[in-house]
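Reader: I have a model open and want to learn how to read it. Can we go through it feature by feature?

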Amino acid sequence: VQPHLDRIDLTAFDAFYSDGHQTDLVLPPARDAACRGLPVVVDIEVLNDDTRALFELASEVIAPARVLRELSGEADTGAAVVRLAAGGPAEK
């Protein structure tokens, strides 16, 4: 699989999107896209170490309220959104 990933030419794209699945395949090009300054849009429905790493790379996040609350450490969804927009997730 790695040879196929190595052939991805991110200069041909305006943004990077991941549905949050197969993070072992997604994280390397997502890191590369973020390093190149491309917007990184991620859809995260399940939290684990890999999707948290993907979250850290994201410029835009699509997620259910429960995931936003868990990422932020806030019980209230509105407060979770504000916290994440202001600076990122709570410490694990």
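Reader: Let me start with one residue. Is Thr23 buried or exposed?

Author: This is a predicted model, so every value here is computed from it. The cut-off for buried is under 20% relative accessible area. Thr23 has a relative accessible area of 10%, so Thr23 is buried.

Reader: Where does Thr23 sit, and what does Thr23 touch?

Author: Thr23 belongs to helix 2. Set aside residues up to four places away in sequence, and the residues Thr23 touches are Pro28, Asp50, Thr51 and Leu54.

Reader: What is the phi of Gln22?

Author: Phi is positive, about 50°, although Gln22 is not a glycine.

Reader: Next, a strand. Which strand holds Ser18, and is Ser18 buried or exposed?

Author: Ser18 is in strand 1, residues 16-18. Its relative accessible area is 2%, so Ser18 is buried.

Reader: What surrounds Ser18?

Author: Leave out the neighbours within four places in sequence. Ser18 is then in contact with Val26, Val41, Val42, Asp43 and Leu54. Leu54 is also touched by Thr23.

Reader: Which backbone atom lies 3.0 Å from a polar atom of the Ser18 side chain?

Author: The backbone nitrogen of Gly20.

Reader: Let us turn to helix packing. How are two packed helices described?

Author: By two values: the angle between their axes and the distance between the axes. Here, take helix 4, residues 65-72, and helix 5, residues 77-87. They pack at an angle of about 60°, and their axes are 8 Å apart. That angle makes helix 4 oblique to helix 5.

Reader: Is the crossing of helix 4 and helix 5 left-handed or right-handed?

Author: The crossing of helix 4 and helix 5 is left-handed.

Reader: Which residues meet there?

Author: Helix 4 brings Ala65, Leu68, Arg69, Leu71 and Ser72. Helix 5 brings Thr77, Ala80, Val81, Arg83 and Leu84. Sorted by class, this contact of helix 4 with helix 5 has 6 nonpolar, 2 polar and 2 charged residues.

Reader: Pick one of them. Is Ser72 buried or exposed?

Author: The relative accessible area of Ser72 is 0%, so Ser72 is buried. Ser72 is in helix 4.

Reader: What does the side chain of Ser72 reach?

Author: The backbone oxygen of Arg69, at 3.1 Å.

Reader: Now zoom out. How many helices and strands does the chain have?

Author: There are 5 helices and 3 strands. Read along the sequence, their pattern is α-β-α-β-α-β-α-α.

Reader: What box do the C-alpha atoms fill?

Author: Along the principal axes, the box is roughly 45 × 20 × 20 Å.

Reader: And what share of the chain is buried?

Author: Buried residues are 34% of the 92 residues. Ser18, at 2%, is one of the buried residues.

Methods
Residues numbered from 1 in each chain as written. Predicted model: local features only at pLDDT ≥ 70, side-chain atom pairs only at ≥ 80, totals over all residues. Heavy atoms only, no water. Axes fitted to C-alpha atoms, helices over the stretch in contact; angles between N-to-C directions. Helix = DSSP H or I, 4+ residues; strand = E, 2+ residues; numbered from the N terminus. Parallel < 35°, antiparallel > 145°, perpendicular 65-115°, else oblique. Left-handed = near helix turned anticlockwise from the far one by under 90°. Contact = heavy atoms within 4.5 Å. Nonpolar A, V, L, I, M, F, W, Y, C, P; charged D, E, K, R; others polar. Buried < 20%, exposed > 50% of the residue type's maximum accessible area, 1.4 Å probe, protein only. Polar contact = N/O pair within 3.5 Å; in protein donor to acceptor, adjacent residues only side chain to side chain.
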